[in-house]
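This briefing covers the overall make-up of one chain and then the spaces found in and on it. Please keep the sequence and the structure in view while reading.

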Amino acid sequence: MATTSDCCINNTKKPGSTTTTAHLADQDWIVTNTNTNLNKQLEQQQQKKASAMATFITPVESIPEPSSTNPPGLQIMMRAQSTHPLDPLSATEISVAVATVRAAGATPEVRDGMRFIEVVLLEPDKHVVALADAYFFPPFQPSLLPKTKGGAVIPSKLPPRRARLVVYNKKCNETSIWIVELTEVHAATRGGHHRGNVISSQIVPDVQPPMDAVEYAECEAVVKDFPPFREAMKKRGIEDMDLVMVDPWCVGYYSDSDAPSRRLAKPLIFCRTDSDCPMENGYARPVEGIYLVVDMQNMVVLEFEDRKLVPLPPIDPLRNYTSGETRGGVDRSDVKPLQIIQPEGPSFRVHGHFVEWQKWNFRIGFTPKEGLIIYSVAYTDGSRGRRPVAHRLSFVEMVVPYGDPNEPHYRKNAFDAGEDGLGKNAHSLKIGCDCLGYIKYFDAHFTNFTGGVETTENCVCLHEEDHGMLWKHQDWRTGLSEVRRSRRLTVSFVCTIANYEYGFFWHFYQDGTIEAEVKLTGILSLGALQPGESRKYGTTIAPGLYAPVHQHFFVARMDMAVDSKPGETFNQVVEVNVKVEEPGKNNVHNNAFYAEEELLTSELDAMRDCSPLTARHWIVRNTRTVNRTGQLTGYKLVPGSNCLPLAGSEAKFLRRATFLKHNLWVTPYAPGEMYPGGEFPNQNPRVGEGLSTWVKQNRSLEETNIVL
């Protein structure tokens with residue numbers, strides 16, 4: 001049974017309602033009669049295919065490593081399973097993993113001190129994913145596995161899934177990483193004991209993991225209760241602490257006093273004017289001149305100074321952002337309704353986290369740090385079948401350095417993925433639907449600080465969009481005209497990090513284009529001005545208020561697989577620059593230009609920057625596959641608007657963000673090389689951890705598994 005709202009369509013489940021497949025029952029999904037029949041036909045075809053293959057089945061019990069010495073004959077156990085190896089951890093799996101780690105604590109004190117930063121899927125080897133897609137999950141694609149002499153040996157079941165946990169011990173200020181094998185997880189839902197098995201645990205020295213919302217709330221309460229702080233606010237005319245907003249910011253790393261031996265925050269202070277208006281923009285009244293350092297482990301104020309009494313910005317009639325509020329103006333009333341309807345339902349199909357649309361197919365994942373992940377991207381190309389494009393796409397870090405040298409703004413350089421978590425701060429679109437049309441939502445499950453499971457419902461939005469004109473031509477001789485409209489499939493989520501909102505969008509187009517887009521909205525992080533004052537390093541936006549200049553860097557990690565099956569390493573990267581031909585016999589009219597290609601052969605050669613003057617772009621090519629004109633197939637990376645850090649080479653934030661010194665880095669795939677500034681950038685004292693260290697190996701990039 002489907003219900004509609006102004007901006008989206010949701011599914012309200014009632015007795016007797018139909019879902020696409022049994023294992024989708026816990027997700028919001030809309031099924032029309034047409035789609036239901038189509039899915040039944042697909043299931044029947046898959047069952048027939050499985051039945052036909054069953055005559056060749058000889059099960060084995062374990063996953064073999066890729067090998068060319070497999071025994072002869074095709075030995076297959078085709079069996080649809082409920083949880084794909086790349087599916088995000090379910091709420092039950094997270095509970096099992098947490099209970100397993102907690103039970104493994106050496107003493108009651110250790111167990112009591114455990115705080116759970118993140119619990120995520122430990123992603124399996126790529127050959128396990130290929131095996132699952134080939135024989136265990138529809139649409140069953142055996143062509144994904146490379147051919148071997150004698151045929152493949154296929155196990156009767158996939159290996160157990162594993163969870164990776166980052167645990168912070170509040171009692172001893174210690175961070176550890178645990179690997180837990182998940183078996184019989186459904187026992188937990190029946191009231192049984194956990195069925196996890198600890199595979200490994202390792203203490204990670206000299207790091208601080210990301211901060212948690214619980215810590216932020218505790219920090220705000222501690223600061224508000226600190227008598228010297230209350231006295232400082234009283235000097236500024238503020239006695240009602242309910243009006244005060246305390247935003248804890250990670251301290252970064254500027255000196256030894258910021259070392260990770262202590263878990264620290266330096267809060268920024270803001271103040272609303274009206275306790276009866278919860279939607280008032282408190283960020284419009286920054287409180288400057290107060291300096292604080294908070295010990296986040298023990299929740300005590302370590303340092304406090306009231307350095308300078310700066311008047312609060314005046315109350316502004318535009319401060320409220322609730323629709324219909326009096327804000328010195330009126331809401332627009334002359335916009336007529338615009339309805340987006342799809343009377344026959346969507347053109348995409350979803351099976352669990354597997355999506356198919358207009359020859360595209362991929363899987364959706366989600367983590368607390370990165371947010372949305374796109375796995376196993378491929379394009380079905382007629383007789384050539386399923387052609388892989390990328391194994392994994394995501395945004396792995398974002399850095400926001402501020403360019404005002406004044407206190408407190410010079411120390412504002414947030415690593416919003418590594419210090420906070422993009423996914424963990426994602427919105428539930430049930431609260432505010434940001435998509436239009438016929439929508440499929442995906443929930444996201446996280447652990448909270450104490451190990452409980454929290455679910456962000458309707459966290460990821462999947463929908464189609466009309467995108468204007470794709471192609472058009474009119475013949476002036478005949479007067480005939482042809483036009484094709486563009487349709488795109490969009491997968492997105494939105495998160496809030498303190499004052500800013502970030503919308504992350506992956507668009508898939510009918511012409512084979514994949515586009516990554518980030519939209520910034522929300523509220524600026526502002527500074528206060530003395531009467532008559534202006535700032536060189538910012539823009540005055542209201543009386544007594546300015547916005548410091550700053551940059552936002554979003555780092556996308558793209559594990560490519562252009563026309564490459566798992567295990568194949570046939571990709572390379574070519575840089576293309578447009579060159580003007582030198583005057584001479586080849587350019588007698590001085591109008592000639594051409595595209596010049598350069599193969600990037602090693603990591604140190606592949607630290608590259610954008611060059612709009614030469615229309616620079618890069619192509620990831622397959623060295624063994626050609627197109628219909630006989631040229632090597634490839635995918636072109638086209639940079640959008642971009643620049644490098646607007647900071648001196650000795651800027652403190654660049655110690656932790658050396659990866660910002662180039663627009664593009666190319667490495668061969670290696671397990672563990674995931675985050676460009678290292679997994680734990682919070683208070684990181686090590687210079688150049690991550691990308692700039694990995695590339696010193698100067699590994700070959702000729703015929704390998706390319707990561708951009």
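Predicted model: local features only at pLDDT ≥ 70, side-chain atom pairs only at ≥ 80, totals over all residues.

A residue counts as buried when its relative accessible area is under 20%, with a 1.4 Å probe and only protein chains considered. On that basis, buried residues make up 51% of the 708 residues in the chain.

**The chain as a whole**

- The chain contains 9 helices and 35 strands.
- Of the contacts between residues at least 6 apart in sequence, 64% join residues that are at least 24 apart.
- The accessible surface of the chain comes to about 33,800 Å², and carbon and sulfur atoms account for 52% of that area.

**The second largest pocket**

- The second largest pocket holds about 1,500 Å³ of space, and its lining is made up of 49 residues, with Ala556, Met558, Leu637, Pro639 and Asn642 lying nearest its centre.
- Two or more lining residues come from each of β17 (386–401), β23 (514–522), β27 (553–560), β31 (617–626), β32 (632–637), β33 (664–665) and α9 (691–694), and β27 gives the most, with 7 residues.
- Sorted by class, this lining has 33 nonpolar, 10 polar and 6 charged residues.
- Because domain 3 (340–565) and domain 4 (569–707) both give residues to the lining, the second largest pocket lies between these domains.

**The largest cavity**

- A search of the whole structure finds 4 cavities of 30 Å³ or more, and the largest cavity has a volume of about 60 Å³.
- Its lining consists of Ile117, Glu118, Pro210, Met211, Pro368, Lys369, Ala417, Asp420, Gly421 and Lys424, with at least two residues supplied by each of β3 (114–121) and α7 (416–420).
- The lining of the largest cavity divides into 5 nonpolar, 1 polar and 4 charged residues.

**The second largest cavity**

- About 50 Å³ of space lies in the second largest cavity, which is lined by Pro88, His353, Ile364, Gly365, Phe366, Phe442, Asp443, Ala444, Cys459 and Val460.
- Strands β15 (360–367), β19 (440–447) and β20 (453–474) each supply at least two residues of the lining of the second largest cavity.
- By class, the residues lining the second largest cavity divide into 7 nonpolar, 2 polar and 1 charged.

How values were computed
Residues numbered from 1 in each chain as written. Heavy atoms only, no water. 1 Å grid on protein atoms, 1.4 Å probe; cavity = no way out; pocket = protein on both sides within 12 Å on 5 of 7 lines; lining within 4 Å. Points joined across faces, edges and corners; volume = space filled by probe spheres on them. Helix = DSSP H or I, 4+ residues; strand = E, 2+ residues; numbered from the N terminus. Nonpolar A, V, L, I, M, F, W, Y, C, P; charged D, E, K, R; others polar. Domains from an automatic or database assignment. Buried < 20%, exposed > 50% of the residue type's maximum accessible area, 1.4 Å probe, protein only. Contact = heavy atoms within 4.5 Å. Areas by Shrake-Rupley, 256 points an atom, 1.4 Å probe, with all protein chains shown as cover.
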